[in-house]
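Morning, everyone. Let me take you through one structure: salt bridges, then the sheet, then the cavity.

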Amino acid sequence: MNKTNGSGAPRSGRHFLQVPGPTNVPDQILGAMAQPTIDHRGPTFAALTLEIIPKLRRVFNTNDAVMIYPGSATGGWEASFTNTLSAGDKILMFDSGVFALNWKISAERFGLDIDFVPCDWRQGVDSNVIEDQLKNDAAHSIKAVMVVHNETSSGITNSIAAVREAMNSAGHPALLFVDAVSSAGSIEYLQDDWGVDVTIAGSQKGLMLPPGLSFNVISERAIAASQSSQLPKSYWSWEDLLPSNETGFFPYTPASNLFFGLREALSMLEAEGWPNIYARHARLAEATRRAVAAWGLENYCAMPEKSSNTVTAVLVPEDQSADALRAAILQRYDMSLGAGLGVLADKVFRIGHLGSFNELMLAGTLSGVEMGLDAAGIPHATGGVTAALDYLKAS
Ligand SMILES: *Cc1c(COP(=O)(O)O)cnc(C)c1O
């Protein structure tokens, strides 16, 4: 690979891509995509789609329809609104992190009337607040509740089961929309059990693919809502895309080579087994948190039970620069870590531990962080890597 360090000299070995998405794409998937592009109106393509759809459903534990778009997950957000809602519709969203905030900004642009519930970003979404808000809406004017499952900016996983429980105990019929962009394929996700109506996901995180695909997983209730929704629908129209689940064909050119990769990714995931995948992410995440604690640094997530198994956001001491640390690590050790986003810029760095990832990749990642803390002159205790390895050995 053609790589240079900051001064232009070539670098040896593999780059460590430890941002929380895009994630490392396994060679097997890259190989699967390196095929001649085929006719997307021909029988081979239809068979490919029809092989993918049921396996994708298993990622979300659902029997619902799966819309596959060429696009980023941000487009998947847009698809979720335009298909189901009308301008002026009231929706409940939560100020729980940068992705939740960006999702809200997108909803605003469509003229939706957003009740943006304040949250402590270090604690995530409080489902008791949801219950109260919905109980106060006796007229049922709230059309949808929208929650980010795994907030990638803060490293917090919100409980969608608790959100559903709150909605049920309020006896409120609002639709439930969930952003599962950085949890799908890594953290157990139960669309049907949780009664999720629209799930938004993307290709470049737990699914181990390059960027380029986004998904809407849509319930019967969501499809029914799309029949009366007034927002204009064109490129993102579910109605146009729904037949793909039966015929394997799309209304426009799908990202066909990514489909080859998706088929490979889904068979790799199924071969590993879903319980093993969730356990692997939980274990590598716990090892990461132990390293952070041993360094004497603070996990941005202040509620241990909500710590994300796909990403850890680490606070640097107040007088230190997280961006200078990341720059030092990139320059010296050829590793990319996630930047602090929005108001967290320069205050946290994020370690992605999701997708195609194992113990020794984590050991390398944490070693790079530990050496980088030294290089950047950030006060810390040594022994983070050792604490992580001790945990991995014992578990
Ligand atoms: C990455 C991410 C997005 C945005 O995905 P894009 O593909 O960059 O548009 C949205 N939500 C969450 C939680 C994410 O992690």
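One definition before we start: a salt bridge here is a side-chain nitrogen of Lys or Arg within 4 Å of a carboxyl oxygen of Asp or Glu. And a reminder: this is a predicted model.

So, how many salt bridges does a search of the whole structure find? The count is 14. I'll walk through three of them.

Start with Arg263 and Glu51. Their side chains meet in a salt bridge, 3.3 Å from N to O. Arg263 sits in helix H10, residues 256-272, and Glu51 sits in helix H2, residues 43-60, so this pair ties together parts that are 212 residues apart in sequence.

Next pair: Glu272 and Arg280. This salt bridge spans 2.7 Å, N to O. Glu272 is partly exposed, with a relative accessible area of 29%. Arg280 is buried, at 18%. The cut-off for buried is under 20%.

Arg289 counts as buried at 17% relative accessibility. Glu286 counts as partly exposed at 22%. There is also a network: salt bridges with shared partners join Glu51, Lys55 and Arg263.

Now the sheet. What is the order of its strands? Seven strands form an open sheet, ordered S2-S10-S9-S8-S5-S3-S4, and the pairing is mixed. At the edges stand strand S2, residues 65-70, and strand S4, residues 113-118. Each has a single partner strand, so one side of each is left without a neighbour in the sheet. On average, neighbouring strands are turned by 20° against each other, direction ignored.

Zoom in on one pairing. Strand S5, residues 142-148, and strand S8, residues 175-179, pair in the parallel sense over five bridges. In S8, Leu176 is the bridge partner of Val145.

Two helices to point out here. Helix H6, residues 160-170, packs on the sheet and touches S5 and S8. The direction of H6 makes about 165° with that of S8. Helix H3, residues 73-84, lies across S2, S5, S8, strand S9 and strand S10. H3 runs at about 160° to S9.

On to the cavity. A search of the whole structure finds one cavity of 30 Å³ or more. About 40 Å³ of space lies in the largest cavity. Which residues line it? They are Met93, Phe94, Ser96, Ala100, Trp103, Met146, Val147 and Val148. Strand S3 (90-95), helix H4 (98-109) and S5 each give two or more residues to that lining. The largest share, three residues, comes from S5.

Last stop: a proline in a loop. Pro232 sits between helix H7 (220-228) and helix H8 (238-241). Pro232 is exposed, with a relative accessible area of 68%. Now look across to Ala87. Pro232 and Ala87 are 145 residues apart in sequence, and their C-alpha atoms are 9.8 Å apart in space.

That's the tour. Over to you for questions.

Conventions: Residues numbered from 1 in each chain as written. Predicted model: local features only at pLDDT ≥ 70, side-chain atom pairs only at ≥ 80, totals over all residues. Heavy atoms only, no water. Helix = DSSP H or I, 4+ residues; strand = E, 2+ residues; numbered from the N terminus. Buried < 20%, exposed > 50% of the residue type's maximum accessible area, 1.4 Å probe, protein only. Pairing = 2+ DSSP bridges. Axes fitted to C-alpha atoms, helices over the stretch in contact; angles between N-to-C directions. Contact = heavy atoms within 4.5 Å. 1 Å grid on protein atoms, 1.4 Å probe; cavity = no way out; pocket = protein on both sides within 12 Å on 5 of 7 lines; lining within 4 Å. Points joined across faces, edges and corners; volume = space filled by probe spheres on them.
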